[in-house]
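Please keep the sequence and the structure in view while reading.

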Amino acid sequence: QLNDPFTLPEGQQEQLMTEKEKQEALNKMWRNACINDTYEPGSTFKLVTATAATRAGTLDPHARYVCGGRYTWFSSYQPTCYQGRAHGALDLPGAIMQSCNCYFFEAGRLAGAPALAEAARLYGFGEKTGIELPGEVAGRVADPAARLADGGTWTGGDTIQAAIGQSENMMTPLQLAVYASTLAADGVRYAPHIGYRVTDPADGRVLYERETEIAGRVEYAGDA
């Protein structure tokens with residue numbers, strides 16, 4: 001298939017398709033989900049919330065929050081941890097280990113939605129990575145300012161959903177990979193590229209080499 005990019009795989013009745021249907025099938029076949037498609041990050045986003053809350057000074061990573069399995073701050077909206085499970089008293093490391101929704105609902109509420117959006121953008125969410133591949137999309141960061149600018153409304157429920165990677169948070173798999181590498185690199189966000197070095201197979205000469213590119217940095221608060 002790599003040598004014949006305009007032929008559909010066997011089993012697809014190309015002869016029965018209209019030109020539009022064939023083009024749509026080809027687009028689907030060659031679509032690169034790593035950069036062309038976006039997904040809710042879910043619980044992987046919780047470290048963004050931890051970053052936002054510790055930077056804002058609203059979360060002490062050593063203080064314990066008691067999870068009863070249901071978040072009861074709002075009277076009309078009370079989401080739960082997975083299957084309503086109560087995790088008990090948790091500090092930040094424990095909340096990450098248990099992936100406790102209630103802990104991060106509270107952390108997100110205290111930090112506020114603008115702080116969550118700001119922290120997300122520090123990790124490169126909401127913008128293209130710049131990788132040398134066609135069709136990359138920027139994704140979307142849940143942000144009350146953008147919602148209000150579009151004529152919508154934003155509630156406290158939106159904030160706590162954004163805090164666990166839902167609401168309007170939409171990221172590409174590549175953005176999530178960059179996010180993970182930023183966490184591993186102590187806040188240094190490196191720009192992803194296709195290929196680091198090209199050498200001549202005959203004599204090993206370096207024909208091309210790309211310098212490491214720092215796209216951004218995340219400054220963490222205290223020992224968080």
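Which residues in α6 are buried? The buried residues of α6 are Ala 113, Ala 115, Leu 116, Ala 117, Ala 119 and Ala 120. Buried here means under 20% relative accessible area, exposed means over 50%, and partly exposed covers the range in between, with a 1.4 Å probe and protein chains only. Helices (H or I, at least four residues) and strands (E, at least two) are DSSP runs, numbered from the N terminus.

The model is predicted: local features need pLDDT of at least 70, side-chain atom pairs count only at pLDDT 80 or more, and totals for chains, interfaces and linings use all residues. Residues are numbered from 1 along each chain as its sequence is written, and side-chain values use heavy atoms, with hydrogens and water left out.

**Helices α6 and α8**

The cover over the buried residues of α6 includes α3, α5, α7 and α8. Just after α6 comes Gly 124, with a positive phi of about 95 degrees.

Helix α8 spans residues 156-163 and is largely enclosed by the rest of the structure, because seven of its eight residues are buried. These are Gly 157, Asp 158, Thr 159, Ile 160, Gln 161, Ala 162 and Ala 163. The elements against which the buried residues of α8 pack are α3, α5 (101-111), α6 and α7. Gly 165, which follows α8, has a positive phi near 80 degrees.

Two packed helices are described by the angle between their axes and the distance between the axes. For α5 and α8 the angle is about 120 degrees and the axes are 8 Å apart. α5 is therefore oblique to α8. Axes are lines fitted to C-alpha atoms, for helices over the stretch in contact, and angles run from 0 to 180 degrees between N-to-C directions. Angles under 35 degrees count as roughly parallel, over 145 as roughly antiparallel, 65 to 115 as roughly perpendicular and the rest as oblique. The crossing of α5 and α8 is right-handed. On the α5 side, Phe 104, Phe 105, Gly 108 and Arg 109 meet Thr 159, Ile 160, Gln 161 and Ala 163 of α8.

**The loop between α8 and α9**

Asn 169 lies in the loop between α8 and α9 and is buried, at a relative accessible area of 1%. Its side chain reaches back to the backbone oxygen of Ala 162 at 3.2 Å. Apart from neighbours within four places in sequence, the contacts of Asn 169 (heavy atoms within 4.5 Å) include Tyr 39, Glu 40, Phe 45 and Arg 140.

Ser 167 is in the loop between α8 and α9 (173-184). Most residues other than glycine have a negative phi. Ser 167, however, has a positive phi near 55 degrees, and counts as partly exposed at 21% relative accessibility. Asp 186, in the loop between α9 and β3 (188-190), also is not a glycine and has a positive phi of about 60 degrees. Asp 186 is exposed, with a relative accessible area of 61%.

| Residue | Partner | Distance |
|---|---|---|
| Glu 132 | His 193 | 2.8 Å |
| Glu 132 | Arg 210 | 2.9 Å |
| Asp 37 | Arg 31 | 2.5 Å |

Glu 132 sits in the loop between α6 (113-122) and α7 (144-149) and is partly exposed at 36% relative accessibility. Glu 132 and His 193 are 61 residues apart along the chain, with their C-alpha atoms separated by 6.4 Å.

Asp 37 is found in the loop between α2 (33-36) and α3 (46-56). Asp 37 is buried, at 18% relative accessible area. Leaving aside neighbours within four places in sequence, Asp 37 touches residues including Val 137, Met 171 and Pro 173.

Val 198 has Tyr 208 in β5 as its bridge partner. Six residues lie between the strands of this hairpin, and Gly 204 in the turn has a positive phi of about 80 degrees.

How values were computed: Pairing = 2+ DSSP bridges. Polar contact = N/O pair within 3.5 Å; in protein donor to acceptor, adjacent residues only side chain to side chain. Left-handed = near helix turned anticlockwise from the far one by under 90°.
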